[in-house]
Amino acid sequence: MPLTGTGTPVEPGDYVNATKRFWHPMGPSTSDPKSETLIIISGDGNHVTDTEGNLLLDGVGGLWNVNVGHNRVEVKAAIHAQLDQLAYYQMFDGVAHPRVYDLADRITGMFAKEDMHRVLFGTNGSDAIETALKLARQYWIAAEQPARTRFLSLRNGYHGLHIGGTSIGGNAVYHYNHGPLLPGAHLLDAPWLYRNPWDSRDPVELTNHLIRQLEEQIEFLGPQTIAAFVAEPVQGAGGVIVPPDDYWRRVREVLDRHDILLVADEVVTGFGRTGNILGSRGWGVAPDILCFAKGITAGYIPLAATVFNGRVSKTIENGPGFSNVIMHGYTYSGHPTACAAALAVLDIVEAEDLPGNAARVGEVLLESMRDLERHDVVGETRGKGLMAAVDLVADKRTHEPIDPATGLAQRIAAQARREGVVVRPAGTKIIISPPLTLTGDEARTIVRALDAALTAVA
Ligand code: PLP
């Protein structure tokens, strides 16, 4: 087994009995010795190969990020060329390099319609969110309303796991071990037709409830204390929650009335996954701040971008005193090799119209998934573009979710793998987020594998 050395090709069969010295993120600190670890050794196109030599269709797209597929020569060539020229240089204190100019121009050009002016780079989605929260507060200091420090966000939302993102996140499992959290984080209900406190199944009625709740919360806290509303255009990790059509437009209208910033966490939805280049554009709203990671480099190299519109950028640039100084950034802000990877990825996204493909193939996927609802444990299938979820229930009538402790989602995912497809078990849901290069036939293959897995396991 090749335990030392770099670049040693790994062969099927290697690492099966390797001693595990690392902790998996997001799971038990000691694993059940009987539980299977999926060890992926290579990827090509929409497929990956595991250490047992099985070729698997990648229904997870790495982790909602390998949007252009694995092993793309164009991206590898761009990375290689950049490594030959300059692998890394810093950007502090007025230092730069060509690729960061190119990528900032490219991003602001793509989102000119949203009036995007400035980009601050990071390494991952959690950085993108932390940067948005800190710069939103800086905006209000520059705008001479320093009392605006609070954040509104949604239950069930996921915004990464730095302390700011953890605090505004809407799932308590990420809070238990890491308190005290950031003060001033306030949760509202998610725009979720399948499960909501009003048991409303009508999109207009639900939106009315949610907008009333938003208005009441703003009034209770005082608009003059609220910096921003932060949300995912379609909630991803929370179970692919697609809001009613009018939800975002009406939220924006309320925020505008109270002068509150809108931060769109586009870490999953950015660059095509929902069938639109921006999840938020698909709902017809222009946020003040956009957060990107994942699809921006399709996972080839980590990179994040937080992008600010004219209102925010110009206010900070013209802010009084120290408020116009950016005292935030990372060693790897604007990493040249990551920027080169992003430029190559965005070329592919545009040349191959991956948002268009996500919309078309997403329809095939969602249409075929509907048939899974005949299984007793499937309460609902839902999604938008190429992000989808199977909601597992104990009771179809009441929508009561399965008990995650049963491990049903894990067993379904393990069985789907035996059928040749990787899907992601997430508590009471199965998540599907394949590369945006997926074909219609491959979409049907994912559903067939899930169908067989549900039949075998549930
Ligand atoms: N925001 C959203 C919507 C995400 O789904 C994620 C990760 O899945 C993040 C932020 C955090 O990204 P990262 O894990 O790269 O820090």
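Is Tyr247 buried or exposed in this structure? In this predicted model, Tyr247 is buried, because its relative accessible area is 3%, and a residue counts as buried under 20%.

A pair of aromatic rings is described by the distance of the centres and the angle of the planes. Rings count as a pair if their centres lie within 6.5 Å, and planes over 60 degrees apart make the pair edge-to-face. By this rule there are eight aromatic pairs. One of them joins Phe229 and Trp248: the ring centres are 6.3 Å apart and the planes stand at 85°, so this pair is edge-to-face. Phe229 belongs to strand β7 (residues 226–231), whereas Trp248 belongs to helix α7 (residues 247–257); the pair therefore ties together parts that are 19 residues apart in sequence.

Both partners can be examined in turn. Phe229 is buried, with a relative accessible area of 1%, and Trp248 is buried as well, with a value of 2%. Trp248 has a further ring partner in Tyr247, and this aromatic pair is edge-to-face, with 5.9 Å from centre to centre and 80° between the planes.

Elsewhere, ring pairs connect Phe111, Phe271 and Phe292 into a cluster.

Lys384 lies over the face of Trp283, and here the distance to the ring centre is 4.7 Å.

Methods:
Residues are numbered from 1 along each chain as its sequence is written. This is a predicted model: local features need pLDDT of at least 70, side-chain atom pairs count only at pLDDT 80 or more; totals for chains, interfaces and linings use all residues. Side-chain values use heavy atoms; hydrogens and water are left out. Rings of Phe, Tyr and Trp (its six-membered ring) pair if their centres lie within 6.5 Å; planes under 30 degrees apart count as stacked, over 60 as edge-to-face and the rest as tilted. Helices (H or I, at least four residues) and strands (E, at least two) are DSSP runs, numbered from the N terminus. Buried means under 20% relative accessible area, exposed over 50%, partly exposed in between (1.4 Å probe, protein chains only). A charge sits over a ring if NZ of Lys or CZ of Arg is within 6 Å of the ring centre and within 35 degrees of the ring normal.
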